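Me: I have a structure to look at and would like to learn how to read it. Can we go through it one feature at a time?

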Amino acid sequence: MSVSRPLRRGRACMACRFLKIKCDGVKPVCGPCTKTPKDDDCEYQDGPSRSRTKVLEDTVARLEARLQELEHPEDNTPPVTLYDPYAGPPPPPPQLSLPPPTQPHFRSLPNSPFAQVPRLLTSGSSSSTESSQIRTPFSPASATRSVPPYGTSSASGTSPLGLFESRLPSSRESPELTSPASTASSVDYEALDYPLLQKFLDHASEFGFFLDTERLVALHHHTPALLYAMYLLGAHLSSDPRNEQLFKFKALYHAATALGSPPQSLAFLFSHTLQAQVLLAYYFFRTGALLSARAHAATAFALALGGGLHQIRSARPGPPPGIAIDAETGHALIPLPPAHDAIEEGERINAFWAIYSLQKNLSMALEPAAGAASIFETTGPGGLQIDTPWPLEMDEYKRGLLGPGIRGDGTVLNYLQIPPGHAQPTDSLATQTAKACILLHRTAYIRSQWPRTPDVSQRDVQFLSGAWTAADGLIRDLRAQLPPVLVPAPHDRVDVDVRTRTRKLLLTHSMLNAATIKLHGMFMASDSRSRECCLGAASDMLRFGGMQELQALGCLNPIIGTLWTTAFYVFVSELRRINAISGWRTAEGEKEAQDAHDAVQDGLRALGTFAGQSLLMRYELLQAKEAAADIVQNLPNLNQ
């Protein structure tokens, strides 16, 4: 009779060990578990994978360690101190006047509620003890964190910030965030910030920047919301997704809490917070977060109206709007303090027109024709009364061109009522751009209201006909004032001011051409003159499509994609017209079709050149390609 050898210690299954019975060690199911099935499965600890029991034991150990950490925080990593946004103004971020990166010691700014966002570093003295207690900025708050910190995504993808995207890049997406090399020196923004700011400032005009750059750089203190918004766009233009995500959270947090400071400090915060909201709106406009873009643009517009920026130098001055209630008296309203000098007044004037144009352009790109023109319409009943003078370039304010006697009274309304051919002085480029934006949306409004049925009163027909004629004359008069667009060659060394002026001229010409298309497009099929006007305006917009030099301008205003798409569809309509009458079968018709086809290709190249910059432009490019493929395949004689 053979006697089975006893198992070595630890080789029995978990069920037999728990019941303290003899186990034969047979796998996958031992003899006792086969004869008498147990509640638990027959599992072994020495298997290739962890058993369910081992998993539960590890979970219990991890939870006990977390509980010990919470009960005795003094024995662990120093906790993150939350910053109270209502206790006073937020601490300033690093200054624009950046010291050399050779400073030996640094101190960190107080943390925001976003525990995983790295703390920026500013120069300052620090003891060795303090330095040893500063955690690595990119390291997580705790090695055993079981709940994501405020401001990060949950597993479902929702965010406590709601409307605004608030997902931080994880270590899996960006391994460098938690790598050992991510020490304090690797996030020394003393060496990083200036290139980011310079990248932004080179293209600031495309994002509604209205502040005086020289004065901004010379300041010793800067509003965190504005500075982080500039960092954000600088990182975005530099294709730096890690810093782009980090600065986005900083900018959103400080923009949301900036105006919670005492009313006495709002004079300094007002313009900078306004500018931060505009920059954030343009950022989300470019990146395709359209709802966020609308939200920040609406916030900026509400701040502008609340500060009375639409009534600057009004010929009918009234009591200034209050921005807060005096806490001492309880009934006196505190107004926005008057501008200290011509530069600050110019910043406020330009701020209003930048926000006004932003709202118009957003509605133009995202709304149907009828809705786009009616938002903040200034000519209808109960419309917004704008008395603020036309904007100027910042150097024109410095030269005193906004004289003390200049007053405004119905600025937009009076401009739209100027009779055609009326002699007007040559305007500043900033004024011309604002007028082009107004005319573009005025023509969209006329087109949306134009009668399409015969049961329209004669009075309405006369009103719209007069508005159509006035808008057409204003477009021609403004175009006659504009200098031509001269795009520098890629090898030409031009300064930032030349590129900035060229981009402004390109935008202004494009808006005027789009306004012409909006106005004459209604009669393009039936009137030869309107057809020529539309084709001429579309050709003028898309003539840069085949130019490699266009890339030397850098990034463009996001509305450019919408304007170029308007011109693109003019030639798509022309190809459809030629195809409908079989005009391509004749020599003359074939030439017209080939010209229209070449213009379509120029439009696709123009959109493709900048599609990588803007998600909205990329979307419009895909729509344009589908339309082009649908019509070109019916014109077999075209040269492909």
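Me: What share of the residues in the chain is buried?

Reply: Keep in mind that this is a predicted model. Burial is judged from relative accessible area, and a residue under 20% counts as buried. Here buried residues make up 48% of the 640 residues in the chain.

Me: How many helices and strands does the chain have?

Reply: There are 21 helices and 4 strands.

Me: Which residues have the most contacts inside the largest nonpolar core?

Reply: They are M230, L274, L279, W353 and W564, in a core of 131 residues. A second, separate core has 9 residues, including A12, C16, C33 and C42.

Me: What does W353 touch, leaving aside its neighbours within four places in sequence?

Reply: Its contacts include I386, T388, P389, W390 and P391. Also among them are T411, V412, A434 and I438. Across the chain, taking contacts between residues at least 6 apart in sequence, 70% join residues at least 24 apart.

Me: Now for charges. How many salt bridges does a search of the whole structure find?

Reply: The general idea is that side chains of opposite charge can pair when their charged atoms come close. The search finds 14 salt bridges in this structure. One of them joins R215 and D341, whose closest N and O atoms are 2.7 Å apart. This pair links distant parts of the chain, its members being 126 residues apart. R215 is in helix 6 (residues 213-218), while D341 is in the loop between strand 4 (333-335) and helix 11 (342-366).

Me: Are R215 and D341 buried or partly exposed?

Reply: R215 is partly exposed, with a relative accessible area of 29%. D341 also counts as partly exposed, at 30%. For another case, take K435, which meets D427 in a salt bridge at 2.7 Å, N to O. K435 is buried, with a relative accessible area of 4%.

Me: Where in the chain do D472 and R476 lie relative to one another?

Reply: An α-helix has 3.6 residues a turn, so residues three or four places apart point the same way. D472 and R476 are 4 residues apart in helix 16 (residues 458-481), and are therefore separated by about one helical turn. They form a salt bridge, with the closest N and O atoms 3.6 Å apart. D472 is buried at 8% relative accessible area, whereas R476 is partly exposed at 45%.

Me: Which residues are linked in a network of salt bridges?

Reply: D212, E214 and K398 are linked in this way.

Me: Last, the surface. Which residues make the nonpolar surface patch of about 330 Å²?

Reply: F18, L19 and I21 make that patch. I21 is found in the loop between helix 1 (14-19) and helix 2 (31-35). To belong to a patch, a residue needs over 30% relative accessible area. I21 is partly exposed at 38% relative accessibility.

Conventions. Residues are numbered from 1 along each chain as its sequence is written. This is a predicted model: local features need pLDDT of at least 70, side-chain atom pairs count only at pLDDT 80 or more; totals for chains, interfaces and linings use all residues. Side-chain values use heavy atoms; hydrogens and water are left out. A salt bridge is a side-chain nitrogen of Lys or Arg within 4 Å of a carboxyl oxygen of Asp or Glu. Helices (H or I, at least four residues) and strands (E, at least two) are DSSP runs, numbered from the N terminus. Buried means under 20% relative accessible area, exposed over 50%, partly exposed in between (1.4 Å probe, protein chains only). Patches are made of residues with over 30% relative accessible area and no salt bridge: like charges are joined within 9 Å, nonpolar side chains (Val, Leu, Ile, Met, Phe, Trp, Tyr) within 5 Å. Accessible areas come from the Shrake-Rupley method with a 1.4 Å probe; for residues, only the protein chains shown count as cover. A nonpolar core is a set of buried Ala, Val, Leu, Ile, Met, Phe, Trp, Tyr and Cys residues joined through side-chain atoms within 4.5 Å. Contact means heavy atoms within 4.5 Å.
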